[in-house]
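Subject: Structure handover

Hello,

Here is the structure we talked about. Please open it alongside this note. My findings follow below.

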Amino acid sequence: MVFGTRTMDTCRDNKPRHAVYEKMEKLVQEMQLSKSGVPVRSQKTFPFLTFIPSVFTGSDLIQWLATRLKITEEEHMEAVKLAILLCHYGYIFPVTDLKNLTVKEDASLYRFQKPYYWPSKNADPDNVSYAIHLVKRSMRNKQKHGLEDYEQASLTKLQTMLCDKWDFIVAQAQDQVKIAKEKKRTDKAIMDSQERAFWRIHRPPPGCIKTLDEGPKRNFQPSQMAARRKKNKDLLQKEIKYLHRSINICRVKTSKAVENLEHFTEQYFDLDPLLTLPMPSNPWISDDTTYFEISENNTEIPTEQRIRKWSYSLQALISDPRGRYEFENFLLKEYSHENFSFWCACEALKFCRQSEVENRILKIAEEFLTDGAPHQINIDSRCSEEVQKNMKLPKPNRFTFDSAQEQIFSLMKKDTYQRFLRSDQYKALLTNAGQPGGKKKFFSFGSRKKNTLTPSPKPKRRGSAGNDADIDNAAVAHHSYSTGNLRELEDKSAVMLRRDANSSDSSIASDTSPNLVTRHSLRSPQGSPRKSKQLEVPKISSVHVADSSQNEGPSCLAIAVPSKTNVVAPWEGVD
């Protein structure tokens, strides 16, 4: 790579600070207006009775800012801070004391900086310009333009660095001194103070903060870098390999990713104390620390919410110290703890000291991978070959067993983890889980939903006008589910007449009323009684038959139910 002295040509408008510069520069331009701006005048100094041209006081500046920006007296310090910020960025500078870049609300004198020296115009001056400035000051009156100690040290260092350009730097400094002698005394004093203030900001003394420092810069030419990349064959080969690998990467659809994210948010919504009120109280608001106590790793009785979180995934189970302890105890009882022990050993290998890596790799291989090991695990041949290849490296690393660890984790997720969730141990933990709200748990029915009853049809009142009018249209008698548990009755046979095949009663069999004929027609075609799901209803002794001679409508059988209204039931019969 060929390095040049020219920095990378970037668009300054894209830099975030230039948006701030524009706002400050508009405000400074309003300050310099002759009628509505800050009052600028020549100030007489004592005891030498000399005049300092084009200056203003700090109190006038702060008062103008407060009036222009409508800053109240309660927020008066905001105007002072804004004035100090303008001084730090070089839009104004103190005339008498350049060492302290601050603005005082008194009679201290300040001066506007020349627009040529504004930060947006000079992004980063180079060392050659700074060297010319120092050489020019060393050629003039040492009492007025003498160099400070740090400036003298900088000049010596630049003379060594820029030895090949030093003749050019001295010639430029001599020409500028000749041009300065031809100017008026007042203009010359103003220009000298502005230039010194500019370099005070861009080359501050040791121990001072450089406000305009924007970080390191790329010191190369983009055209050279682009040409080098085109001619580089290795770079093109790397790009081809990268694209080949990208083709085989599994990608998830956006809709599926959004769905998974939504499911994760709904699942963990109740576990986030910032979204859901923690029980029994919010420790960030109240002084109650019960929430922290029940969430400790070594708590005796974990909460139900914490135990249910273990069923979300195997990672959620083993990330909780208490969940890992319960899972390990379950595996010990099942005599299948070697997989989990290997996984834990691989995790410990990743976070151990560098000096212990080699010894731990050998111990893991002897305990889990060699033939006849005390806790040998089952992995496929491809994974075993990859592990052996990693162990033969000159310097094995922490990730030697990554492929085997991933395979063992997948096996635990499909087998032992599922058995743990179905085990009596996990169910006992849920039953005996603590309730943060202080409510006792009397019954544990799991997450089974309550069975909901289907709505019953509206019962008909006996003897009403509406009932007599509707009997001719619908011969099926309506019933109410309130007289018993009728959830298992089929919808197609809402009205059933249970009849015993061996019954000796001939009164119902010989009945030829329209109602009974319709009931017989609703039975199953085979005429067999209901089997296992048949609702067994005992015979009711208090049954009466309505006399068809007294009522114009067809006869109806009913049970005397102790309620406000008598309803018609489907199993009505005559003893």
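Predicted model: local features only at pLDDT ≥ 70, side-chain atom pairs only at ≥ 80, totals over all residues.

Cysteine 383 is in no disulfide. Its nearest cysteine sulfur belongs to cysteine 346, 9.8 Å away, whereas a disulfide needs the two sulfur atoms within 2.5 Å. Cysteine 383 is buried, at a relative accessible area of 1%. Cysteine 163 is exposed, and its relative accessible area is 57%.

Next, the nonpolar cores. The largest has 32 residues. Phe327, Phe342 and Phe401 touch the most other members.

Take a look at phenylalanine 401. Setting aside neighbours within four places in sequence, phenylalanine 401 is in contact with Phe342, Cys346, Leu349, Ile361, Ile364, Ala365, Leu369, Val387 and Met391. There is also a second, separate core of 28 residues. Val38, Ala79, Ala83 and Ile92 are among them. As a general point, nonpolar side chains tend to be buried together in soluble globular proteins.

Last, helix H2, which spans residues 58-68. Its buried residues include Gly58, Asp60, Leu61, Ile62, Trp64, Leu65 and Ala66. Lysine 70 follows H2, and its phi is positive, near 55°.

Best wishes

Conventions: Residues numbered from 1 in each chain as written. Heavy atoms only, no water. Buried < 20%, exposed > 50% of the residue type's maximum accessible area, 1.4 Å probe, protein only. Helix = DSSP H or I, 4+ residues; strand = E, 2+ residues; numbered from the N terminus. Core = buried A, V, L, I, M, F, W, Y, C linked by side-chain atoms within 4.5 Å. Contact = heavy atoms within 4.5 Å.
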